[in-house]
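Subject: Structure handover

Hello,

Here is the structure I promised to pass on. Please open it and keep it in view while you read my notes.

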Amino acid sequence: MSHPGRDGFRPDPPPGGWPRSSSNNRGPWISAHAVAMDRRYRFSRHFYDVTRRYSLLGRDKLLDKVVTSPTTATLEVGCGTARNLLELAARNAPGRLYGLDASHAMLATAERSIRRAAGHRPGGKGIVLRQGLAEDLDAQRMFGCRDRFDSIFFSYSLSMVPAWSDALRAAFGNLRPGGVILIVDFWDQRDLPTLVAAGVRRCLAGWHAGYRPEIHDALIGLGRSGRAEVQIESVARRYAYLATVRPTAG
Ligand SMILES: C[S@@+](CC[C@H](N)C(=O)[O-])C[C@H]1O[C@@H](n2cnc3c(N)ncnc32)[C@H](O)[C@@H]1O
């Protein structure tokens with residue numbers, strides 16, 4: 001029996017059924033958050049990559065920091081349509097690529113994109129997707145990995161996770177010594193012209209998205225505590241931030 005949800009909702013399958021790759025956690029019981037994510041992306045997933053192209057800034061900058069080789073294992077938490085994983089898969093040496101997402105609907109779209117890409121891009125075949133919650137991340141149970149990940153990244157997903165501190169903790173626990181956690185997410189838009197910043201914030205509020213200062217503060221605190229080296233960079237005049245987190249030994 002797969003992992004029962006925390007709060008016992010029984011969702012309808014997305015059109016076309018559950019994606020083949022989401023065998024983990026695919027029981028009749030999944031979490032309310034997964035149901036909410038399925039509702040949220042039910043329609044928008046079909047044109048997500050086109051519409052988010054100019055709003056999810058900094059994703060390629062994050063991918064530039066992901067070091068891959070034939071032996072590396074890289075995980076995207078909240079992988080959505082697999083847009084980022086497919087970018088990595090197109091490299092000469094992408095290593096092993098994994099995607100975790102709460103939404104079955106998003107994963108169904110990701111599966112389709114991967115299948116399409118695999119037709120003409122051999123690297124696309126090597127992506128393993130699983131349905132599950134970021135805060136429950138477990139490399140072995142979810143992906144059957146004996147080793148932990150070299151890189152774990154969150155691209156505009158951490159701010160959507162209610163239990164974000166548990167998700168960060170789980171990422172720490174599933175990272176190899178010397179590994180890196182990368183996060184790109186909305187910042188405070190402070191360096192944008194006032195009217196532009198106000199427009200951006202209105203737009204994000206309409207999407208029920210935006211800056212979560214408590215996450216940013218926690219990342220700064222993590223760096224100050226010495227538990228990790230934390231570097232924060234601005235993307236497009238603080239539209240977003242890109243955090244590089246390297247846990248320190250011990
Ligand atoms: C804004 S989308 C970003 C998708 C992708 N990372 C990108 O950059 O295009 C956020 C994704 O995070 C997923 N997500 C939200 N909360 C999650 C959670 N608790 N665990 C796993 N995935 C989650 C959503 O289902 C959605 O696919």
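First, a definition: two residues are in contact if their C-beta atoms, placed from the backbone, lie within 7 Å. Take the contacts in the chain with a separation of 6 or more: residues 24 or more positions apart account for 71% of them.

Two points on how to read this. The model is predicted, so local features need pLDDT of at least 70 and side-chain atom pairs count only at pLDDT 80 or more, while totals for chains, interfaces and linings use all residues. Residues are numbered from 1 along each chain as its sequence is written.

**Overview**

The chain has nine helices and seven strands. Both are DSSP runs, numbered from the N terminus: helices are H or I with at least four residues, and strands are E with at least two. Of the 250 residues, 43% count as buried. A residue is buried if 20 or more other C-beta atoms lie within 10 Å of its own, exposed if 12 or fewer, and partly exposed in between.

In what order do the seven strands of the open sheet run? The order is 3-2-1-4-5-7-6, and the pairing is mixed. Strands count as paired if DSSP finds at least two bridges between them. Strand 3 and strand 6 (228-235) are the edge strands, each pairing on one side only. From one strand to the next, the twist averages 15 degrees.

Start with strand 1 (residues 73-77). Strand 1 pairs with strand 2 in the parallel sense, over five bridges. Leucine 75 has tyrosine 98 in strand 2 as its bridge partner. Between the two strands the chain passes through helix 4 (residues 83-89), and this β-α-β crossover is right-handed. That term means that, with the strands pointing away from the viewer, the path from the first strand over the helix to the second runs clockwise.

Now look at strand 2 (residues 96-101). Five of its six residues are buried. Strand 2 also pairs with strand 3 (residues 127-131), again parallel and over five bridges. Glycine 99 is partnered by leucine 129 in strand 3. Aspartate 101 stands opposite glutamine 131 in strand 3. Strand 3 is largely enclosed by the rest of the structure, because four of its five residues are buried.

Strand 5 and strand 7 (residues 240-247) pair in the antiparallel sense, over six bridges. Here leucine 182 has threonine 244 in strand 7 as its bridge partner.

**The core**

A nonpolar core is a set of buried Ala, Val, Leu, Ile, Met, Phe, Trp, Tyr and Cys residues joined through C-beta atoms within 7 Å. Which residues of the largest nonpolar core touch the most other members? They are Val77, Ala167 and Ala171, in a core of 66 residues. Strand 5 (residues 175-186) gives the most to this core, with seven residues. Not counting residues up to four places away in sequence, alanine 167 touches Val77, Ala134, Glu135, Leu158 and Val161.

**Aspartate 185**

Aspartate 185 is found in strand 5. Is aspartate 185 buried or exposed? Aspartate 185 is buried, because 26 other C-beta atoms lie within 10 Å. Leaving aside neighbours within four places in sequence, aspartate 185 is in contact with Tyr156, Leu158, Ser159, Ala240 and Tyr241. Leucine 56 is 129 residues away from aspartate 185 in sequence, yet they are 8.1 Å apart in space, C-alpha to C-alpha.

Helix 9 (residues 213-225) lies across strand 6 and strand 7, at about 140 degrees to strand 6. The axes are lines fitted to C-alpha atoms, for helices over the stretch in contact, and angles run from 0 to 180 degrees between N-to-C directions. Helix 9 has 13 residues and reaches 18 Å from its first C-alpha to its last, close to the 18 Å expected at 1.5 Å a residue. The expected span is 1.5 Å times one less than the number of residues. Just after helix 9, glycine 226 takes a positive phi of about 85 degrees.

Most residues other than glycine have a negative phi. Histidine 208 has a positive phi of about 55 degrees although it is not a glycine. Histidine 208 lies in the loop between helix 8 (194-206) and helix 9. With 8 C-beta neighbours inside 10 Å, histidine 208 counts as exposed.

Arginine 237 has a positive phi of about 55 degrees too, and is not a glycine. Arginine 237 sits in the loop between strand 6 and strand 7. Arginine 237 counts as partly exposed, because it has 14 C-beta neighbours inside 10 Å.

Best wishes
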